[in-house]
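Hello,

Here is the structure for you to look over. My notes on what turned up follow below it.

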Amino acid sequence: MPQLPETRYARSGDVNIAYQVTGDGPFDLVFVPGFVTHVELAWGLPSFAPFLDRLASFCRLIRFDKRGTGMSDPVSGAPTLETRMDDVRAVMDAVGSRRAAFYGLSEGAAMSILFAATYPERTGALVLRSAFPRTIWLPDYPWGRTEQEYQRDVERALRVYGHREDGREAVRSLGVFEDHEVEAFLDYLRYGASPGALEALHRMNKEIDVRHVLPSVRVPTLVLHGTEDRIIPVDVARYIGERLPAARVVEIPGAGHLALGKPAESVADEIERFLKGVREAGGWEEEAPDRMLATILITDIVDSTARAVELGDRRWRELLEKHHEVVRANLARFRGRELDVAGDGFFASFDGPARAIRCATAVVEAVAKLGVEVRAGLHTGECEVVDGKVGGIAVHIAARVMSQAQPAEVLVSSTVKDLVAGSGIGFEDRGSHELKGVPGEWRLFAVRADGG
C-alpha cells in the first residue's frame, strides 16, 4: 500500500485539530470539509483518494478534521462558524500558510464565505461546492427546508449508525455513488463521528445564515453545483453567484450533493482551471485589504452627564478611569481591538460576533459593580479599512443600534444574531426599528442576561 501522509495536530485554544498536507504546488488550497470527515480514512475511499491526489498535483493541499470529528479532539456540542475559523487559522499558522485558496464543501462553504470576508488578507480565492448560505425556509429564501423536513433529514442521517441497509440508504441520499463506494463511505461516516456529534452538527447547521455576508466577499470565487443535487437545488448556487461581487457559477452534469468518480474529475478540472487562472492573473499578490467584515461594538454610560454632576469632577474622573480599565481588560480577554474612546463611550472591532457579544455582556456586568450602567450596540458588516482603522456604514449602524438599547442591555442587529449559530447565546426579539440615517427597517435583538 502507498504510504499515507502524516497526520499532525495544530493547537486551537485547548483543542487539537488533526490535519494533513499533501503536494508541494506553488500555492496553498485549504479544503474546508462538510458534514463528517476522517483525514486518514479518506484515503480508503475508492474514488475520493484520486480526487485528493489530483488536487495535490497542482497545489499544496491542506486538509483537516473539524473539532469533534475524525481525528480531532472530541468536544461537547458543535463548533460555531467563528470557532471553526479559529481552527482554520490555527492549521494555516501551523503549516506556515500566510494566504490560501479555500475549497468549501457543503456546510464548509458557509464558513469559507465568512472567512473570506473576515480575513481577506489570508484569502487568495474561494471555491464553493454544493453551498448553502441558509438552511431553514423563509419567504425570501424559498429553497430552505421546513422544520419538519429538516427533522426528517436528521433522522435519516442518523440511520448510518443503524442496520447497514438503512445506512446505505442514508449514504445514497447524500449524492451520486457507485455501489462499491457506498459501503466504504458508510464506514467512513461511522468512524468519523459519533451519533451525538453528528446530531449536534445538524442542530448547529440548522441555524446557519450567512446571506448578509455574501456582498462582503471580494475575492475571486467559483461556485460549483451538481445538476443532480437532491439536497440543495441548483437555484441556490445562482442565488449565491448573483450576490458575490466576483463570482462565476458552473453546473456539474451528473454530480449530486457529494460526488465521487467521474463527476469528481469534472470538479477537479474546474478547480484547477480556476485557481491557476487566478494565480496567473496576480490573485495571490498580497495587498493590504481596503474592506473587511468586522463586528463593531459601541458602548455608552447611561445618564453620564447626571452622574458627573452628582459626583463632581474628581470622583467622576476616577470612576471613568476604572470604567476604562474594565472595558480594556475585557477587550483584551475577547480579542477586541480598541479603535477610539469618546468621553465615556468605547468604539471597538472584533473578528467574530460571538466574542463581541461575550465581551459586551462581560463589560455590562463588570461596570455594574462600579455603580454605573452601560448600554451596548453591535453590528456585523463590511467596513472600510484606512490606516489600519475601520469605518463606514457598519460603524454608523452599530452606533444607532446602541442608541436603541436600554440601560444594562446588549442590543444586536439581526446580522449579528444570524452569525452566532450554535454559540448558545440567547436573544429576545425587540422588533423592527428605523435607525436614524440608515435606510430601511432593522430587526434588533437583546442578548439574554442568562445566556440561554
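Asp-303 is exposed, because its relative accessibility of 58% is over the 50% cut-off. Bear in mind that this is a predicted model. Asp-303 sits in the loop that links strand S11 (291-301) to helix H10 (304-311). Its backbone deserves a look too. Phi of Asp-303 is near 55 degrees, which is positive, and the residue is not a glycine.

Phe-35 also has a positive phi without being a glycine; the value is near 60 degrees. Phe-35 belongs to the loop between strand S3 (28-32) and helix H1 (48-56). Is Phe-35 buried or exposed? Phe-35 has 16% relative accessibility, and buried means under 20%, so Phe-35 counts as buried.

Next, the cores. The largest nonpolar core holds 103 residues. Phe-51, Ile-271 and Leu-275 have the most contacts inside it. Helix H3 (residues 107-118) supplies the largest share of this core, with eight residues. There is also a second, separate core of 34 residues. Among its members are Ile-301, Trp-316, Val-363 and Val-420.

What does Leu-275 touch, once residues up to four places away in sequence are set aside? The list is Phe-27, Leu-29, Phe-58, Ala-101, Ala-125, Val-127 and Trp-284.

Helix H3 also contains Ser-112. Ser-112 has a relative accessible area of 0%, so this serine is buried. Beyond its neighbours within four places in sequence, Ser-112 contacts Val-32, Phe-102, Gly-104, Leu-126 and Leu-128.

Last, helix H2 (residues 81-95). How far apart are its end C-alpha atoms? They are 21 Å apart. That agrees with expectation, because 15 residues at 1.5 Å a residue should span 21 Å. H2 is mostly covered, with twelve of its 15 residues buried. Just after H2 comes Gly-96, with a positive phi of about 75 degrees.

Best wishes

Technical notes
Residues are numbered from 1 along each chain as its sequence is written. This is a predicted model: local features need pLDDT of at least 70, side-chain atom pairs count only at pLDDT 80 or more; totals for chains, interfaces and linings use all residues. Side-chain values use heavy atoms; hydrogens and water are left out. A nonpolar core is a set of buried Ala, Val, Leu, Ile, Met, Phe, Trp, Tyr and Cys residues joined through side-chain atoms within 4.5 Å. Buried means under 20% relative accessible area, exposed over 50%, partly exposed in between (1.4 Å probe, protein chains only). Helices (H or I, at least four residues) and strands (E, at least two) are DSSP runs, numbered from the N terminus. Contact means heavy atoms within 4.5 Å. The expected span of a helix is 1.5 Å times one less than its number of residues.
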